[in-house]
Amino acid sequence: MAGADKTADPCVMVIFGATGDLTKRKLFPALYNLAKDGHLPDKFAIVGVGRQEMLSDEFRDQMIADLKEFAGKEADENGIKWFCDRTYYTGGDFDDDKKLFADIKDMLRDVCDANDIPPNFFYYMAIPPSMFANVAKKIVKNGLGRSENGNWRRFIFEKPFGRDLASAQKLNADLLKILNEDQIYRIDHYLGKETVQNIMVFRFGNSVFEPIWNRNFVDHVQITVAETLGVEQRGGYYDSAGALRDMVPNHIFQLVTLTAMEPPASFNADSVRNEQVKILQAIQPFSPEDALQCAVRGQYAAGAIDGKAVPGYRSEEKVASDSNTETYAALKFEIDNWRWADVPFYVRTGKRLAAKHTSIVIQFKQAPLMLFRDTPVERLTTNRIEIHIQPDEGITLHFGAKIPGPIVKIGAVDMDFNYSDHFGEQISTGYERLLYDCMIGDATLFQRADMVEAGWRVVTPILDVWNAIPARSFPNYTAGSWGPAEADDMIGRDGRSWKNTLI
Ligand SMILES: NC(=O)c1ccc[n+]([C@@H]2O[C@H](COP(=O)([O-])OP(=O)(O)OC[C@H]3O[C@@H](n4cnc5c(N)ncnc54)[C@H](OP(=O)(O)O)[C@@H]3O)[C@@H](O)[C@H]2O)c1
């Protein structure tokens, strides 16, 4: 993890896909927030690149409108002007326009001259993943890709990074033919969230938790990433991806690795990522039988969210009316190492679930009951640490306390830490920290090639089985519920249940 006080070098950010959804919703507001907090260097410029031909002034007008809409009421005229003064645009087709890359080269030279910026460039690929390797290749071919003469060149790639093990391996191999691994920043914006970063601080910056964070004390771990939204405008992409691909090898496995990894030797990028990848490599491979028993898929039918009727998945825009794509996935697996042997990890994610809720639950084993033999207490409350990531960020410790009175009775109580109560509201898109880290060259919170492939290695056998045996019962959960009954059965067979509680 970076020391947050490091000053970023003067640099130019080149956004490929500057007219797209991600740029206006996330990248512009994140850059704006960074500038407001003084984290951007004075000598900084943005070059937007998109398919449409337009002048820099037209692009700036669009940017102003986008900032007003998506950076919220925080966006003020001075801040917006600061941006406009250092934003440029050039357009053309990435596929067939040889001229485009020559134009980009000219523009970068002019922008560096006009703003007295040395040629430190970072390229943000906010474009369809099928174009990643080609665009990177053209940047390198035009002499803009290699770090040289003390000036750096970095590339940020948006997810999805492959759609299975073979495609991820090919993409990594294609990129590594032209770039060094230390130039590649594979972004997973979940890692930009404070609570996710706090998992490491919580575990390794306190002495009370780590001694009990293992198979001797932990009964099981649950990770939930639940959304109330459906597929919105992303039906076309989502219908070819599904919940497992979209969420598990990236977001959910990031949470798993941070929860389960050994203490790294330091917060240096490779030390942390070495420990993360060991966890992914220790997840027991899913055999075809495991894929049937320990993986559940679901698809939502019409229902209601917050009292409002919503359509079923098959009636969503750009989704096939007989689609067999899953909108829910739940897995059970074990991490085969000394710390976690025999401790099941249950993870689940889904769309149109009962609540927007992302959490990690560490469920501890029950204390021995014998002390309470002569009391009315029949069961002890089991301890649980819940790390809440969305929507409210915080940590809850669940434990038993004596209910006041002459008879020994135990009530379940919670001790809550809420981020916003202690540290105030943080206005963040989740991208600020990651953009800043890329500028200072800290790759700790980005995925390395071996991590991406290790994640796909776990889920690809499940995808293969699901592909070979189409789901027969879809749709199998109602929008607004907590998912298919099969997922409750999967965890229920182990005598456990999902924690659907919220802070
Ligand atoms: N949107 C999100 O919240 C989100 C979240 C997570 C990950 N992502 C990932 O981020 C990337 C971008 O997503 P997005 O939602 O911003 O997509 P988008 O709205 O479709 O934008 C894609 C951008 O790429 C440009 N483009 C596409 N083909 C081009 C070509 N042949 N030549 C030149 N420009 C081309 C588009 O230009 P035109 O406008 O001219 O078509 C547009 O600027 C994708 O990899 C996506 O999976 C997005």
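1. Helices and strands here are DSSP runs, numbered from the N terminus; a helix has at least four residues and a strand at least two. The model is predicted. With that naming, D116 sits in the loop between helix 4 and strand 4. Its phi is near 55°, a positive value in a residue other than glycine. D116 is exposed: 9 other C-beta atoms lie within 10 Å, and the cut-off for exposed is 12 or fewer.

2. Is R352 buried or exposed? R352 counts as buried, with 31 C-beta neighbours inside 10 Å. The cut-off for buried is 20 or more.

3. Now the overall layout. The chain is divided into domain 1 (11-158) and domain 2 (191-424 + 447-492). The C-alpha centres of domain 1 and domain 2 lie 36 Å apart.

4. Six strands make it up, in the order 3-2-1-4-5-6, and the pairing is parallel. Strand 3 (87-91) and strand 6 (184-186) are the edge strands, each pairing on one side only. On average, neighbouring strands of this sheet are turned by 20° against each other, direction ignored.

5. Six of its six residues are buried, so strand 1 is largely enclosed by the rest of the structure. In a regular strand, side chains alternate between the two faces of the sheet. For strand 1, both faces are covered. C11, M13 and I15 are buried on one side, and V12, V14 and F16 are buried on the other.

6. Strand 1 and strand 2 pair in the parallel sense over six bridges. Within that pairing, V14 has V47 of strand 2 as its bridge partner. Strand 2 (residues 44-50) also pairs with strand 3, again in the parallel sense. How many bridges join strand 2 and strand 3? There are five bridges. V49 stands opposite T90 in strand 3.

7. Two helices to check against the sheet. Helix 2 (residues 56-70) packs on the sheet and touches strand 2 and strand 3. The direction of helix 2 makes about 115° with that of strand 3. Helix 5 lies across strand 1, strand 4 and strand 5. Helix 5 runs at about 155° to strand 4.

8. Which residues of helix 5 (residues 132-141) are buried? They are F132, A133, V135, A136, K138 and I139. Just after helix 5 comes G143, with a positive phi of about 75°.

9. A helix pair comes next. Two packed helices are described by the angle between their axes and the distance between the axes. The axes of helix 9 (residues 243-260) and helix 10 (residues 269-282) come within 9 Å and cross at roughly 110°. Helix 9 and helix 10 are therefore roughly perpendicular to each other. On helix 9, the contact is made by F253, V256, T257 and A260. On helix 10, Q276, I279 and L280 take part. By class, the contact has five nonpolar, two polar and no charged residues.

10. Another strand is covered on both faces: strand 8 (residues 295-298). A295 and R297 are buried on one side, V296 and G298 on the other. Strand 8 pairs with strand 12 (residues 328-334) in the antiparallel sense, over four bridges. L331 in strand 12 is the bridge partner of A295.

11. Finally, cis peptide bonds. The bond from Q390 to P391 is cis, with omega near -5°. P391 is placed in the loop between strand 15 (384-390) and strand 16 (394-402). A cis peptide bond also joins F474 and P475, where omega is about -5°. P475 lies in the loop between helix 14 (449-468) and strand 18 (477-478).

How values were computed. Residues are numbered from 1 along each chain as its sequence is written. This is a predicted model: local features need pLDDT of at least 70, side-chain atom pairs count only at pLDDT 80 or more; totals for chains, interfaces and linings use all residues. Axes are lines fitted to C-alpha atoms, for helices over the stretch in contact, and angles run from 0 to 180 degrees between N-to-C directions. Angles under 35 degrees count as roughly parallel, over 145 as roughly antiparallel, 65 to 115 as roughly perpendicular and the rest as oblique. Two residues are in contact if their C-beta atoms, placed from the backbone, lie within 7 Å. Ala, Val, Leu, Ile, Met, Phe, Trp, Tyr, Cys and Pro count as nonpolar, Asp, Glu, Lys and Arg as charged, and the others, Gly among them, as polar. Domain bounds come from an automatic or database domain assignment. Two strands pair if DSSP finds at least two bridges between them.
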